[in-house]
Amino acid sequence: MELEVRHLRALCAIADNGSVRRAARQLGVSQPALTTQLRRIEQSLGAELFHRGRDGCRPTLLGRTVLSRARTVVDSMAVLVEEARAEAAALGRPGPRLRVGSTASRIVGDWLRRLRGRMPETDITLQVDVSATVLLRSLRAGRLDLVFVHEVEGSPLRVPDGLVQHTLLEREPQFISLAPDHPAAARPVVDLADLAQDRWMVDPSVDGEWDGVRRVLAAAGIDPPVLHGDYLTTASLVALGEAVAPCQPTSGPRDDMVIRPLRDDPLAVRLLLVTPPRCPAAGPAYEELTAAYRAAALRAGPYREWLEGAPERPGALLGG
């Protein structure tokens, strides 16, 4: 038997509900049918995925491993279906449309709001992905109309031939996020040496991020433990004092976290808007992107102070 998405969805339902009976009710199938399906899945994999007992079903060690990957597949399939339906609905609507792609950024929401205000007759959709490479391929294939991406310093992106790059910022410093009670949080600028004993958290699925952090740490002569995780997990661990993490300087203030610049700005990214040639929306999109970035920089106290701190920094962002 070959595993299919419906099988993975069944495993997730059993784990979430803690019993085959409740999972069967959620899935709209009979309990015997789901029990048979679970046995066939386990036979296919060669081991049990759940411990069965009077208190319900608990994942085995193998079960936990399979579930961690199954959830990713199930979630990705749900996103695929949702995006396909949205695309199909957009194709049926009259009038112009603009398909925007972006890596994760604090300014995307404001950028979209400004674009919709400037182009009220245009149907604007958004696709966010951690990978700039994935977005650039979608742009080259015609599935997106323009993308906003960041390029980690020292790890250049492979921009497909024929696309046009519009630089929003040549070098944006990456700051560090810390728990409020971290000893370095009391200082206006943090030295890498002050973080040598901390666990660092990075998202290896972001193009170039892990390589960039590794280069910076090696250049500073420190070798702290590194954890891998997504943005939500990172924020939780930083707030608890379990890790420190690079972050965008436009990150807003939080009661459970402080944002500080790193001395000499060792880690940076380049911010790019990438479009096809002769893209009618390129000009308005770039202008509104610049305005959204400027507004975010003005709101972020540590970043505004950094921009005002030296004449060679891109202080022009604060004007206009």
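This is a predicted model: local features need pLDDT of at least 70, side-chain atom pairs count only at pLDDT 80 or more; totals for chains, interfaces and linings use all residues.

Trainee: Which residues touch the most other members of the largest nonpolar core?

Mentor: L98, V100, W111, L115, L146 and Y303 do, in a core of 37 residues. Such a core is a set of buried Ala, Val, Leu, Ile, Met, Phe, Trp, Tyr and Cys residues joined through side-chain atoms within 4.5 Å, where buried means under 20% relative accessible area, exposed over 50% and partly exposed in between, with a 1.4 Å probe and protein chains only.

Trainee: Switching to strands, what order does the 5-stranded sheet have?

Mentor: The order is β4-β3-β5-β12-β6, in an open sheet with mixed pairing; two strands pair if DSSP finds at least two bridges between them. β4 (123–128) and β6 (164–173) stand at the edges with a single partner strand each, so one side of each is left without a neighbour in the sheet. From one strand to the next the twist averages 20 degrees, and such angles run from 0 to 180 degrees between N-to-C directions, with axes fitted as lines to C-alpha atoms, for helices over the stretch in contact.

Trainee: Where does α9 come in?

Mentor: Helix α9 (residues 282–299) packs on the sheet, touching β5 (146–152), β6 and β12 (268–275), and its direction makes about 10 degrees with that of β6.

Trainee: How many bridges join β5 to β12?

Mentor: β5 and β12 run antiparallel and are joined by 6 bridges, with V152 standing opposite V269 of β12. On the β6 side, β12 pairs in the antiparallel sense over 7 bridges, where H166 has L273 as its bridge partner. By contrast, β3 (residues 97–102) and β4 pair in the parallel sense over 6 bridges, and S102 stands opposite V128 there.

Trainee: How many residues of β12 are buried?

Mentor: 8 of its 8 residues are buried. A268, R270, L272 and V274 point one way, and V269, L271, L273 and T275 point the other. In a regular strand the side chains alternate between the two faces of the sheet.

Trainee: Back to helices, at what angle do α9 and α10 pack?

Mentor: They pack at about 100 degrees, with their axes 5 Å apart. That makes α9 roughly perpendicular to α10, since angles of 65 to 115 degrees count as roughly perpendicular, those under 35 as roughly parallel, those over 145 as roughly antiparallel and the rest as oblique. Y293, A297, L298 and R299 of α9 make the contact with G301, Y303, R304 and L307 of α10.

Trainee: What about α2 and α3?

Mentor: Helix α2 (residues 20–27) and helix α3 (residues 31–45) pack at about 110 degrees, with their axes 9 Å apart, and α2 is therefore also described as roughly perpendicular to α3.

Trainee: One last thing: is R278 buried or exposed?

Mentor: R278 counts as exposed, at 80% relative accessibility; this residue lies in the loop between β12 and α9 and has a positive phi of about 55 degrees although it is not a glycine. D265, in the loop between β11 and β12, has a positive phi near 50 degrees, but D265 is buried, with a relative accessible area of 12%.

How values were computed
Residues are numbered from 1 along each chain as its sequence is written. Side-chain values use heavy atoms; hydrogens and water are left out. Helices (H or I, at least four residues) and strands (E, at least two) are DSSP runs, numbered from the N terminus. Contact means heavy atoms within 4.5 Å.
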